[in-house]
Amino acid sequence: MDELTEEQKQDFVNSNPHTATRNAFKYDPATRQVTVPEPEAYAFDEEVIKKAAELGKPGLVDIKQRQDTFIFRVEGTGALPVKEILWQSIEILEEKLSTIQDKMRDWDAKTGGGML
């Protein structure tokens, strides 16, 4: 990345199609560095990889999805704190999973299968 001109670095950042709203990449003219302040904003569409190849720098970046992480955002209307929304959601999910588990046990008992 250090070998690219400032204009090329900005072109690289702008090659991400989500630049108008949120961009995973940012060019800082003060430090002349391209950073990744919002990795979750990258859509894994390979546009920046294609741009790197266009700039004559194939392999400039290696972008992979993390398989052990799931990022989600919880937004509320203000009626409940976000933390309370999350806790209630977890409780509801636990209830639903328990119901599924009970149904599987019932089915297993009826069919004599060895599912559980």
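**Exercise 1.** Is Phe12 buried or exposed, judged by relative accessibility?

*Solution.* The model is predicted: local features need pLDDT of at least 70, side-chain atom pairs count only at pLDDT 80 or more, and totals for chains, interfaces and linings use all residues. Residues are numbered from 1 along each chain as its sequence is written, and side-chain values use heavy atoms, without hydrogens and water.
Step 1: buried means under 20% relative accessible area, exposed over 50%, and partly exposed in between, with a 1.4 Å probe and protein chains only.
Step 2: Phe12 has 0% relative accessibility, so Phe12 counts as buried.
Step 3: Phe25, with a relative accessible area of 7%, is buried.
Step 4: for the protein, 16% of the 116 residues count as buried.

**Exercise 2.** Describe the aromatic pair found in the structure.

*Solution.*
Step 1: rings of Phe, Tyr and Trp (its six-membered ring) pair if their centres lie within 6.5 Å; planes under 30 degrees apart count as stacked, over 60 as edge-to-face and the rest as tilted.
Step 2: a search of the whole structure gives one aromatic pair.
Step 3: the partners are Phe12 and Phe25, edge-to-face, at 5.6 Å centre to centre with 70 degrees between the planes.
Step 4: Phe12 belongs to helix α1 (residues 6-14) and Phe25 to the loop between α1 and β1 (26-28), so the pair ties together parts 13 residues apart in sequence.

**Exercise 3.** State the order of the elements from the N terminus on.

*Solution.*
Step 1: helices (H or I, at least four residues) and strands (E, at least two) are DSSP runs, numbered from the N terminus.
Step 2: the protein has three helices and two strands, in the order α-β-β-α-α.
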